[in-house]
Amino acid sequence: MNNIKLTVSHAPFWHDGDSLFKMNLNIMIATLPAVIFGIIQFGAPAVGVLALSLSSAMIWELILNLISKKKLSIGDLDSAVIGLVFGMMLPAISPWWLVITGTFVAVVLGKMIFGGIGANPFNPALVGMAFLMLSWKVFFDFDAAYVNYEFNFTALAPLAALKFQGVSEIAGLFPTGDLLMGKQVGAIGSTFGLGLIIGGIYLILKGYVRWEIPVSFIAGIIVTALCFSMANPDTYAGPGIHLFSGYTLFGAFFLATENSSSPVNRIPMLLYGFFAAVMIILMRNIGVYEDGTVLAILLLNVVNPLIDTIRPKVLGKGVNNA
């Protein structure tokens, strides 16, 4: 008699008709407002970076599938999502080799080396991005990246201006409404705040993202930035510029919510999102980084297994039989 051991999740069990392909397709649909706006704002170079990032990520996974002689898995679109999300975090003038190097690190080291989809402890796109930022920081100077562009708004990266010029010097340069509508320089897919919010709400309504992480993340940004601002308004900016610039909203809806590297229980989700935001503001205000979103979320990925041990009490545990 064969003894077959099945590893399953908590009961009850049913199939809701969904699939990895459908989930990833919806994530890609949710990015469209921000992606389309980025292409309009930064032109043809943005198209090239996004196309190369998405295609090279899928090719890296295909190569690993062939080398390991495993079933081809690019059809689930997971590597396509990694490539798209990664490309959205790059400046539009990124050189081709930077994009390909980043997707290699993201897919091969961030995902496949851990066993593929569902097994990665870190957000793969953030692994690739952190590698590039630590290795070639100069390419993420958005002010220098768009020096040859002409915009009808203040052509400065808001967080860099805040970090190096101070609150008083940038007062009035970045109205919240302008930031929300994408009147800022930055990564291809992170400037259009309203588009990111629309995409995030779409994913929440479709059930692919739980509301707890984005809401607690945004709350953490607002509360922490407000505390700093109230303590010393001449040195620290209020929540508006922190919330609507940099990778903040992109992180809230598309980075911190990555399934494999984020919690599955409600209280851990709330803690995870909130403390990721706290770390971001700490890095911006008292650290050396003008943004900090990438490293802050990766840090919370590290402690996620510990946070996720906070679970609801098992129904019936401790109750004596009648």
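Contact here means heavy atoms within 4.5 Å. I'm working on a predicted model, where local features need pLDDT of at least 70, side-chain atom pairs count only at pLDDT 80 or more, and totals for chains, interfaces and linings use all residues. Residues are numbered from 1 along each chain as its sequence is written, and side-chain values use heavy atoms, with hydrogens and water left out.

**Entry: Thr103**

I found Thr103 in helix α4, residues 96-109 (helices are DSSP runs of H or I, at least four residues, numbered from the N terminus). Buried or exposed, I wondered about Thr103? Thr103 counts as buried because its relative accessibility is 1% (buried is under 20% relative accessible area, exposed over 50%, partly exposed in between, with a 1.4 Å probe and protein chains only).

Leaving out residues up to four places away in sequence, I listed what Thr103 touches: Ser53, Ser56, Ala57, Trp60, Phe86 and Val108. Two of these turned up again when I looked at polar contacts (pairs of N or O atoms within 3.5 Å; within protein, one must be able to donate a hydrogen and the other to accept it, and residues adjacent in sequence count only if both atoms are side-chain atoms). The Thr103 side chain pairs with that of Ser56 at 2.9 Å, and with that of Trp60 at 3.2 Å.

**Entry: Trp211**

I next looked up Trp211, which sits in the loop between α10 (193-206) and α11 (212-231). Trp211 is partly exposed, because its relative accessibility is 39%. Skipping neighbours within four places in sequence, I got Ile204, Arg266 and Leu270 as its contacts.

Terms used:
Helix = DSSP H or I, 4+ residues; strand = E, 2+ residues; numbered from the N terminus.
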